[in-house]
Amino acid sequence: MELIELYIQEVTRRLPEKKRDDIALELQSTIEDMLCEDYTEQDVKEVLIKLGDPVTLASGYRDRPMHLIGPRYYDVYISLLKMILPIAAVLSLISLIGDGTFVDLSENTVMEVILIIIGKGIAGIIGTAIQVFFWLTLLFAVLERTDNSKDHSPLTKGFKRWTPGDLKQISNISKKKTIPKVEIFGGLLGIAIFAALYFNASSLLGVYESSKDGLTFVTPSFNQEVLNTYWLLIFCIIILGVCLAIYKLLAGQWTLKLAWFHTFYQLFTTIAFIIIISNPHLLTDDFLAYTTKIFSTGEWKDSIYWGLILLVIFFAAFDTYQGFRKAKIR
């Protein structure tokens, strides 16, 4: 009897106080049901062995898991890490260029310039990787502890063994409906490059002329102050794009819900693009003056404007159609 009390004590002391009494009674009843009437100490040991380690048993009773990220989300977590880390590295390098890393390096030797660039690049990539790892791990740790769809009871489904009958609950996914990870990676990479170029447009996008020293940045194409006024709109696009990529990764296939989410994202980004490109002060005066020298007429601006809008609408509509078409495949 002492072994039973010690075992129950080892389990319940790891649980919240308000649950200890109820779980102690449940365990006591379970153990007594597993024992015969004239049980011996050896019988008690065999029953306790079947119940397993008190630490493991206690973890099943807890509302929150003891692990940081459990097997339910671990594969998705690792997949996202593999996707986001290289994207973050590219984003870090683009931002490094936009911050003027290569400015005022002319007085150094070639080797010194190379070492400075490599050093700043590695430092930026490491810092970005740490940030990605921290926030992604925090996100999945919170998700692990707020997901109430799992049964943690160790005496019921929590320790239920897998059987071939469980395969009947899994639907067969057509290859035409599956979403390849390359597509998700490409989407995240596109978002990262877009964000880096957008918020560093005045340093990266513009007119370049060839010279003896290579390409020289003449004038920026876009007014950065105007672009920055739409920061909230761009931030929403980035968040929605990342959420869509995660949704695709979790779903693994096209569904009607995913297709509708994808449609909303396409509609939102298209409207945002039209709003931004319609700003009359989007292009800098120097860029307009430079292009006027090349094009004798100013009609090119209107032609490109309407051409870009029609092109964006066409690709958004086509992409939306493809989403619904794949979702309806059986």
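Start with the second largest pocket, which has a volume of about 880 Å³. Of its 25 lining residues, select Ile84, Leu188, Ile238, Ile239 and Val242, the closest to its centre. A word on terms: on a 1 Å grid over the protein atoms alone, a pocket is an open set of points where a 1.4 Å probe fits, with protein on both sides within 12 Å along at least five of seven lines, and lining residues have an atom within 4 Å of a point. Grid points are joined across faces, edges and corners, and the volume is the space filled by probe spheres set on the points.

Next, colour the elements that give this second largest pocket two or more lining residues: α5 (71-98), α6 (110-146), α7 and α10. The largest share, 8 residues, comes from α6. Helices (H or I, at least four residues) and strands (E, at least two) are DSSP runs, numbered from the N terminus. Colour by class and the lining of this pocket shows 23 nonpolar residues, 2 polar and no charged ones. Here Ala, Val, Leu, Ile, Met, Phe, Trp, Tyr, Cys and Pro count as nonpolar, Asp, Glu, Lys and Arg as charged, and the others, Gly among them, as polar.

Before going on, some housekeeping. This is a predicted model, where local features need pLDDT of at least 70 and side-chain atom pairs count only at pLDDT 80 or more, while totals for chains, interfaces and linings use all residues. Residues are numbered from 1 along each chain as its sequence is written, and side-chain values use heavy atoms, with hydrogens and water left out.

While α6 is coloured, pick Thr137, which sits in that helix. Thr137 counts as buried because its relative accessible area is 10%; buried means under 20%, exposed over 50% and partly exposed in between (1.4 Å probe, protein chains only). A polar atom of the Thr137 side chain lies 2.5 Å from the backbone oxygen of Phe133. Beyond its neighbours within four places in sequence, Thr137 is in contact with Leu68, Ile69 and Tyr77, contact meaning heavy atoms within 4.5 Å.

Now jump to the largest pocket, with a volume of about 1,400 Å³. It is lined by 49 residues, and those closest to its centre are Phe194, Ile237, Thr269, Phe273 and Val312. Show α7 (181-198), α10 (231-251), α11 and α13 (299-327), each of which supplies at least two lining residues. The largest share of this lining, 12 residues, comes from α13. By class, the largest pocket is lined by 32 nonpolar, 12 polar and 5 charged residues.

Select α10 on its own. This helix has 21 residues and reaches 30 Å from first C-alpha to last, close to the 30 Å expected at 1.5 Å a residue; the expected span is 1.5 Å times one less than the number of residues. Its buried residues include Ile237, Ile238, Leu244 and Lys248. After α10 comes Gly252, with a positive phi near 75 degrees.

Move on to α11. Its 22 residues should span 32 Å at 1.5 Å a residue, and its end C-alpha atoms are 31 Å apart, which agrees. Among the buried residues of α11 are His262, Gln266, Thr269 and Ile277.

Zoom in on His262, which lies in α11 (residues 256-277). Is His262 buried or exposed? It counts as buried, because its relative accessibility is 3%.

At 35% relative accessibility, Leu308 counts as partly exposed. Leaving aside neighbours within four places in sequence, Leu308 is in contact with Phe273 and Ile277. The C-alpha atoms of Leu308 and Phe273 are 9.6 Å apart, with the two residues 35 apart in sequence.

Finally, zoom out to the whole chain: 13 helices and 2 strands. Of its 330 residues, 33% count as buried.

Technical notes: A polar contact is a pair of N or O atoms within 3.5 Å; within protein, one must be able to donate a hydrogen and the other to accept it, and residues adjacent in sequence count only if both atoms are side-chain atoms.
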